[in-house]
Amino acid sequence: IFSVCFLFYDMFETPIVVFVNAKSGGRHGPSVLSAYRSVLGEGAVFDVLDKGSLTRGLTLCYELARLPGCPVPRIVVAGGDGTGCWILCGSEERRVGEEG
C-alpha cells in the first residue's frame, strides 16, 4: 500500500481515493471506473459492488491520513445518494471501531 500511496502523493498535492457504484447513473459505471483508473491508477479507484472493495478503499484512506506529512485524502464518490451514504456509513463504522 505504501508504495502506491507515495505514487499518488507525488502526482497530486492531496491524495484522491475514488469509490464508484457501477450500477448507478444509467449503468455508466464501467466507463467511469475506466476513466478514473486511467488517471489515478487501479489502486486508488474502487468499485463498491466488488466484495471487500469498500473496506480496502477506506483502509487506504486511513493509512494515507496516518502518513507523516501527508494531507488527508479527498474522497470522490461516483454514484447516487445511496452510494454516498454507503461510503459515509462505512467510514463512520470504521472510526467508531477504532475508538472502541
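Accessible areas come from the Shrake-Rupley method with a 1.4 Å probe. On that basis I looked up the surface of this predicted model. The accessible surface of the protein comes to about 5,900 Å², and carbon and sulfur atoms hold 58% of that area. I then checked burial: of the 100 residues in the protein, 33% are buried.

**Confidence**

I looked up pLDDT before reading any detail. The protein has an average of 81, and 81% of the residues reach at least 70. Confidence is highest in β2, at 94, and lowest in helix α1 (residues 2–11), where the mean is 48. Over residues 1–7 the pLDDT stays under 50; for this stretch I noted 9 contacts beyond four places in sequence. Where pLDDT is low, the predicted coordinates should not be read in detail.

**Order of elements**

I counted 4 helices and 3 strands in the protein. Read from the N terminus, the elements follow the pattern α-β-α-β-α-β-α. I also looked up how far apart in sequence the contacting residues lie. Among contacts in the protein with a separation of 6 or more, 74% join residues 24 or more positions apart.

**The sheet**

I traced an open sheet of 3 strands, ordered β2-β1-β3, with parallel pairing. Its edge strands are β2 (45–47) and β3 (74–78), each of which pairs on one side only. From one strand to the next, the twist averages 20°. Between strand β1 (residues 16–20) and β2, which run parallel, I found 3 bridges. For F19 I looked up the bridge partner in β2, which is F46.

**Helices on the sheet**

I next examined what packs against the strands. Helix α3 (residues 53–66) packs on the sheet and touches β1, β2 and β3; its direction makes about 165° with that of β1. Helix α2 (residues 29–40) lies across β1, β2 and β3, and runs at about 160° to β2.

**Cysteines**

I searched for disulfides and found 0 in the structure. For C85 the nearest cysteine sulfur is that of C89, 3.8 Å away. The cut-off for a disulfide is 2.5 Å between the sulfur atoms, so C85 is in no disulfide.

Is C61 buried or exposed? C61 counts as buried because its relative accessibility is 7%, and the limit for buried is under 20%. C85 has a relative accessible area of 42%, so I recorded C85 as partly exposed.

Terms used. Residues are numbered from 1 along each chain as its sequence is written. This is a predicted model: local features need pLDDT of at least 70, side-chain atom pairs count only at pLDDT 80 or more; totals for chains, interfaces and linings use all residues. Side-chain values use heavy atoms; hydrogens and water are left out. Two strands pair if DSSP finds at least two bridges between them. Helices (H or I, at least four residues) and strands (E, at least two) are DSSP runs, numbered from the N terminus. Axes are lines fitted to C-alpha atoms, for helices over the stretch in contact, and angles run from 0 to 180 degrees between N-to-C directions. Contact means heavy atoms within 4.5 Å. Buried means under 20% relative accessible area, exposed over 50%, partly exposed in between (1.4 Å probe, protein chains only). pLDDT is the predictor's confidence in each residue, from 0 to 100.
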